[in-house]
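Thanks for coming. I have one structure to go through today, so please look at the sequence and the model while I talk.

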Amino acid sequence: GLERGAKNQFSTFSNFITTINQKKEGIGNRNSPTQLVIPNIKNVKGLPPICLDVRQKQRISIVTLPEELKAPIPPEPSLPIQTKTVKDFQDDMEKAKSSGDWKAVHYFYSTTFDSFLEINAAFKKDTNSPFNTIEDSGINAKFVNVVYDALLNTPQDVQKSVLKGVINGLLQEWKGPRTKDDLRAYCILLQNPQFSNTSTYVIYAHLLRQIAALTEADHHFLVHWSKKISQRRFKQLVDRLLQFISLRLFPAKPEEFPPMVKCTWWIPSATKVLSLFNAANSLISPPIISYTDFYNSTLDHIDLMEEYHNWQCYGNSHRFSFCQYPFIISIAAKKVIIQRDSEQQMINIARQSLVDKVSRRQKPDMNMLFLNVKVRRTHLVSDSLDELARKRADLKKKLKVTFVGEAGLDMGGLTKEWFLLLIRQIFHPDYGMFTYHKDSHCHWFSFKCDNYSEFRLVGALMGLAVYNSITLDIRFPPCCYKKLLSPPIVPCDHNTLVGICDVTLDDLFQIMPELAHGLSELLSYEGNVEEDFYSTFQVFQEEFGVIKSYNLKPNGDKIPVTNQNRKEYVQLYVDFLLNKSIYKQFSAFYYGFHSVCASYALLLLRPEEVEILVCGSPELDMSALQRSTQYEGYQKTDLTIRYFWDVVLGFSLDLQKKLLHFATGSDRVPVGGMADLNFKISKSETSTNWLPVAHTCFNQLCLPPYKNKKELKQKLIIGISNAEGFGLE
């Protein structure tokens with residue numbers, strides 16, 4: 001829209017200031033777009049800093065600005081009277097479009113955006129009401145939307161008058177704390193669609209800087225007001241901020257912006273404002289937009305480890321790092337950080353082992369650099385748990401697995417096979433550590449099992465999977481990962497409770513939906529709860545054939561559940577089931593996981609992201625795998641390859657998972673999707689009577705040149721359905 005009319009670039013703040021007074025006299029007689037002759041942006045000095053740092057609360061006075069940049073200090077008048085309605089404005093727009101006379105529209109825009117007072121006069125629902133609460137911003141959202149939707153369809157001089165008005169508002173001197181009218185103006189200005197154009201980024205940056213430097217109390221209001229914005233508008237605001245950050249990092253035309261050294265505050269300011277929208281999004285259940293909509297994939301291409309190390313060294317101090325705002329970092333980027341952090345820990349541990357060996361004048365052995373696990377298939381669980389218990393000091397070394405009696409060498413494939421088989425056996429209901437809930441298709445900790453050392457080792461097993469970048473077929477509910485990050489760093493004081501988090505009825509629905517539904521019915525019951533249910537603050541559980549009772553609060557067996565206290569009863573019941581009844585089991589699991597995965601990188605993760613790192617994605621997209629597959633000895637147009645994909649795309653989900661397991665050692669999709677598998681199909685120069693062979697270490701399938709589709713399908717199904725065990729060619 002900004003390209004309509006004269007195609008001049010909007011320049012820096014200072015250029016606009018110098019033209020404001022020159023243009024004000026001509027406001028009344030502009031019936032057509034007026035051109036502004038503005039020097040090139042890269043030759044113009046920008047506005048001096050409005051505040052020294054994003055986190056600094058006190059502003060530099062307008063007195064510190066050069067004379068030519070000073071704006072007159074406005075008095076403190078009451079809000080101007082603005083009587084125009086949505087209908088009046090729409091009528092003016094229709095008249096202007098049909099007649100070509102934009103005088104009334106121009107006057108409305110130029111006066112409305114000339115100051116924060118005028119903005120409030122135009123868009124405040126009631127100018128006589130203060131609207132000082134977080135519940136209601138007092139903004140006439142419909143009017144704001146109509147005015148902004150029309151703005152990009154107006155002549156360029158109208159659009160320029162809006163930007164000049166915004167500059168006026170940003171340049172005014174502030175005495176004392178901001179009023180709610182000021183916050184309302186900021187909230188409205190942020191929604192200006194003109195800021196999607198790079199030519200307005202200098203103004204946008206100063207707006208963001210002022211908002212970022214507001215007090216925490218002011219941010220609190222902006223967060224709560226923002227959650228009332230419609231989903232579409234909210235997403236537009238987030239996308240605009242993400243685009244601003246991306247283009248400042250990697251500008252398509254560097255000459256459009258001031259040099260990076262002169263505007264290092266742009267990105268911190270935008271990221272801080274984006275964090276306010278992220279906070280607003282988190283306040284609503286379900287959220288306005290997905291947490292993944294805050295990801296900025298541009299950050300995947302910067303030096304993430306430098307960001308991570310800066311954050312580790314300086315924390316949340318004056319030095320900016322994107323790791324201070326982890327919601328903006330994609331799960332793929334976080335995986336890279338965690339992988340490299342794990343690799344560095346592996347190198348450090350291995351180096352220390354080598355130094356210790358040499359200092360004792362012992363001969364170094366390559367095996368000392370790895371966590372070597374030797375297991376028998378017939379005693380898989382007991383051997384694995386014994387090995388991990390015995391070699392606890394080596395858990396942070398690179399994992400290598402050997403199956404006794406098999407000649408396979410572990411280049412990654414045996415490790416994946418070991419994890420897959422071990423998880424399958426440990427989570428079997430007969431093993432007794434976890435209970436499988438059919439209604440929710442997930443596992444939960446069994447309060448009956450008191451073998452806490454095994455829970456610790458299972459936690460270590462899951463930690464090893466993350467540490468060694470292996471995805472597992474584990475079906476824990478989201479609540480488990482929330483507990484696993486409570487807290488994300490193991491506390492130094494061992495008396496501190498771990499694995500305890502705030503749980504709700506929604507969390508119980510994801511595990512035991514039938515029980516959760518019953519409790520929900522209790523909350524909405526319209527009769528007399530005490531007389532009809534005859535319950536107390538007590539729960540009963542069957543343990544090895546014996547019914548045991550537990551009080552949810554002191555003397556709970558003597559406290560009846562009533563209409564008045566039923567909410568407390570439900571909350572205590574849910575807390576008992578998901579926290580207290582399994583505390584010892586889960587705390588052992590927690591310590592096991594963190595004994596391997598102890599890293600500040602966990603502070604960057606949401607519970608949902610931990611689940612993705614542990615489990616990968618269960619969604620198989622074989623078409624995506626086909627697009628990313630590499631070939632050796634074959635061309636993708638060869639008849640055998642065409643037969644192969646026709647067969648695979650026609651497989652059931654179960655057979656597709658078996659193929660993935662056969663070729664890669666896991667039936668889960670990694671964080672980066674199918675492309676991250678680096679799947680390869682190689683031509684096997686053997687008889688077509690042979691079955692396909694897989695090298696799971698390299699995600700490689702060796703396929704003989706079968707003559708027809710029927711033969712290929714038959715041999716492939718036999719191969720993938722009998723895929724346990726390893727040998728050497």
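This is a predicted model: local features need pLDDT of at least 70, side-chain atom pairs count only at pLDDT 80 or more; totals for chains, interfaces and linings use all residues.

The protein has 27 helices and ten strands. Of its 729 residues, 51% count as buried. If we take the contacts with a separation of 6 or more, 73% of them are between residues 24 or more positions apart.

Where is the nearest side chain of opposite charge to Lys-483? That side chain is Asp-575, and the distance is 7.5 Å. Lys-483 is therefore without a salt bridge, although it is buried, since a salt bridge needs the nitrogen and the carboxyl oxygen within 4 Å. What does the Lys-483 side chain reach instead? The backbone oxygen of Gly-499 is at 2.6 Å, and the side chain of Asn-579 makes a polar contact with Lys-483 at 2.8 Å. Outside four places in sequence, the residues in contact with Lys-483 include Trp-444, Cys-501, Leu-578, Ile-582, Phe-586 and Tyr-590.

Asp-575 does have a partner. Its side chain meets that of Lys-580 in a salt bridge, 3.7 Å from N to O.

Another of them joins Glu-609 and Lys-334, with the closest N and O atoms 2.9 Å apart. Glu-609 belongs to helix α23 (residues 607-615) and Lys-334 to helix α13 (residues 331-359), so this pair ties together parts 275 residues apart in sequence. Both Glu-609 and Lys-334 are buried.

Asp-136 and Lys-125 also form a salt bridge, at 3.2 Å from N to O. Both residues are in the loop between α4 (116-123) and α5 (141-151), eleven residues apart. Asp-136 is partly exposed, with a relative accessible area of 27%, and Lys-125 is partly exposed as well, at 49%. There is also a salt-bridge network that links Lys-124, Asp-181 and Arg-184.

Arg-178 is in the loop between α6 (156-171) and α7 (180-189). Is Arg-178 buried or exposed? With a relative accessible area of 10%, Arg-178 is buried. Its side chain is joined to that of Tyr-186 by a polar contact of 2.3 Å. Arg-178 and Leu-214 are 36 residues apart in sequence, and their C-alpha atoms are 8.2 Å apart.

Last, the sheet. Four strands make an open sheet with mixed pairing, in the order β7-β8-β10-β9. β7 (630-632) and β9 (693-695) are the edge strands, each pairing on one side only. On average, neighbouring strands are turned by 25° against each other, ignoring direction. β7 and β8 (residues 680-683) run parallel and are joined by three bridges; Tyr-631 has Ile-681 in β8 as its bridge partner.

Helix α25 (residues 639-649) has several buried residues, among them Ile-641, Phe-644, Trp-645 and Val-648. The buried residues of α25 pack against β7, β8 and β10 (700-703), and also against helices α24 (622-628), α26 (653-664) and α27 (709-720).

Definitions and conventions:
Residues are numbered from 1 along each chain as its sequence is written. Side-chain values use heavy atoms; hydrogens and water are left out. Buried means under 20% relative accessible area, exposed over 50%, partly exposed in between (1.4 Å probe, protein chains only). Lys and Arg count as positive and Asp and Glu as negative; His and the chain ends are not counted. A polar contact is a pair of N or O atoms within 3.5 Å; within protein, one must be able to donate a hydrogen and the other to accept it, and residues adjacent in sequence count only if both atoms are side-chain atoms. Contact means heavy atoms within 4.5 Å. Two strands pair if DSSP finds at least two bridges between them. Helices (H or I, at least four residues) and strands (E, at least two) are DSSP runs, numbered from the N terminus. Axes are lines fitted to C-alpha atoms, for helices over the stretch in contact, and angles run from 0 to 180 degrees between N-to-C directions.
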